[in-house]
Amino acid sequence: MASKIIRRFAQNQAASASALSKPKKFYKEVSVANEIDEKTGNSIHKVVLDHRVLKTQGGQVLKLNSYPLALAIAEEWSSQAEFLQLGQMRLTGLAFTAQDNPLEQTADTISQKILDYVDGDTVLFFNTESSKLHRYQEEKWAPLIKNLNLDLGTQVRCSESILDCDVASRTDKDKIDRWIRQHNFPALVGLQYATESVKSFIIAYNAIRHHIDAETAVAAATLEQRTQAETWGNVEWAHGLEREELMTRLSAACLFVYFNSNNFTSKTI
C-alpha cells in the first residue's frame, strides 16, 4: 500500500513538473498551405509544422482567411528555439481564441465589453491634484480624444471629476458601437484584446487606426506611472519589463485586427 502511494505521489510530481516546463520544439520546417474552402469557395490558409497541420488548443485544424496572418503565425513558430515559448506567441494565441471561441462570445457580447470601457476610460479623466500630471494629460491624452471625435463624429469629452459619468452620450456610444461591429469576429477578438491590454478603448482605437504607434500608446496607458517615476524614481528594470510586455500584447492585437481586416500581400517583380 505504501509503495502505491509513493508511486502515485511521484507520478503527480512528475506531471506537475511537466506542466510547468516548456514543451520542446518538435519540428524543423514551418510552411503555409493554401487551399480552397469547398463550402465558401474562399481561400484558406493552414500553418504546417513539418508534415503536421497546426491545430488549435480545442483540437481543430487552424484555418485562416488571411494569408499575411498565416505567414506571421508561421514566423512565430519558425522563430522558436529549443523550447516553445507558447505564452509569447501572441498571434497564435489570438487565432486559437478566435477559432475555438472557448467563452462562446458573439459580436454582441464583445461589443458590449469594449463599450463598457468608454464611460470609465482612463484618458477621459484628468487629474487636477498634480500640475505636472495634468499638463502631461493635456499633451498626451487630449489629442487621442480629438482623433476619436473627428473620425467617428462623436463628442466624447474629458472630465476632471470621477463622479462625472456623462463623458459619452448615448449617441456617442451608438456611433462607437457601429464602428466596432463593422469588424469580423476574429478582428473583434483582437480589438477586445487591445482594449483590455491598455485598459482603454480610446488608446486602443488610436493605435489600431494608426494615429499613434504601439510605443506611444503604451506611454499614454502608463502616463501616471511614468509621471510618478519622474518624481519618486522607480525600479527601471521592472517597469521596463512591464512596458515591453504591454507593447507586445498591443502590437500583436493591432496586427491581428489589421490582418483580419486587410487580406493582401505585395510582390516585387
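This tour goes through a predicted model, one selection at a time.

**The whole protein**

Start with everything shown. The protein has 12 helices and 3 strands. Of its 269 residues, 39% are buried.

**The β2–β3 loop**

Select aspartate 50. This residue sits in the loop between β2 (43-49) and β3 (52-53). Look at the backbone here. Aspartate 50 is not a glycine, yet its phi is positive, near 55°. Most residues other than glycine have a negative phi. Is aspartate 50 buried, partly exposed or exposed? Its relative accessibility is 25%, so aspartate 50 counts as partly exposed.

**Helices α3 and α8**

Next, select residues 90-100 and residues 185-198. These are helix α3 and helix α8. Two packed helices are described by the angle between their axes and the distance between the axes. For α3 and α8 the angle is about 125°, and the axes lie 9 Å apart. The two helices are therefore oblique to each other. The crossing of α3 and α8 is right-handed.

Show the side chains where the pair meets. From α3, pick Arg90, Leu94, Thr97 and Ala98. From α8, pick Phe185, Pro186, Val189 and Tyr193, which those α3 residues meet. Sorted by class, the contact of α3 with α8 has 6 nonpolar residues, 1 polar and 1 charged.

Step on to asparagine 101. It lies in the loop between α3 and α4 (107-119).

**Aspartate 177**

Move to helix α7, where you will find aspartate 177. With 16% relative accessibility, aspartate 177 counts as buried. Which residues does it touch, leaving out those up to four places away in sequence? Aspartate 177 touches Ser111 and Leu115. Draw a C-alpha to C-alpha line from aspartate 177 to leucine 115. The line spans 7.1 Å, while the two residues are 62 residues apart in sequence.

**Helices α5 and α6**

Select 131-140 for α5 and 142-152 for α6. The axes of α5 and α6 come within 4 Å and cross at roughly 30°. The cut-off for roughly parallel is an angle under 35 degrees. So α5 and α6 are roughly parallel to each other.

Now show their contact. Gln137, Glu138, Glu139 and Lys140 in α5 meet Ala142, Pro143 and Leu144 in α6. This contact of α5 with α6 has 3 nonpolar, 1 polar and 3 charged residues.

**The buried side of the story in α6**

Stay on α6. Color its buried residues: Leu144, Ile145, Asn147, Leu148, Asn149 and Leu152. What do they pack against? Their partners are α5, α7 (170-181), α9 (201-208) and α10 (214-221). Then go just past the end of α6 to glycine 153. Its phi is positive, about 70°.

Finish with cysteine 158 and cysteine 254. At 33% relative accessibility, cysteine 158 counts as partly exposed. Cysteine 254 has 15%, so it counts as buried. How many disulfides does a search of the whole structure find? The search finds 0.

Definitions and conventions:
Residues are numbered from 1 along each chain as its sequence is written. This is a predicted model: local features need pLDDT of at least 70, side-chain atom pairs count only at pLDDT 80 or more; totals for chains, interfaces and linings use all residues. Side-chain values use heavy atoms; hydrogens and water are left out. Axes are lines fitted to C-alpha atoms, for helices over the stretch in contact, and angles run from 0 to 180 degrees between N-to-C directions. Angles under 35 degrees count as roughly parallel, over 145 as roughly antiparallel, 65 to 115 as roughly perpendicular and the rest as oblique. A crossing is left-handed if the near helix is turned anticlockwise from the far one by less than a right angle, and right-handed if clockwise. Contact means heavy atoms within 4.5 Å. Ala, Val, Leu, Ile, Met, Phe, Trp, Tyr, Cys and Pro count as nonpolar, Asp, Glu, Lys and Arg as charged, and the others, Gly among them, as polar. Buried means under 20% relative accessible area, exposed over 50%, partly exposed in between (1.4 Å probe, protein chains only). A disulfide is a pair of cysteine sulfur atoms within 2.5 Å.
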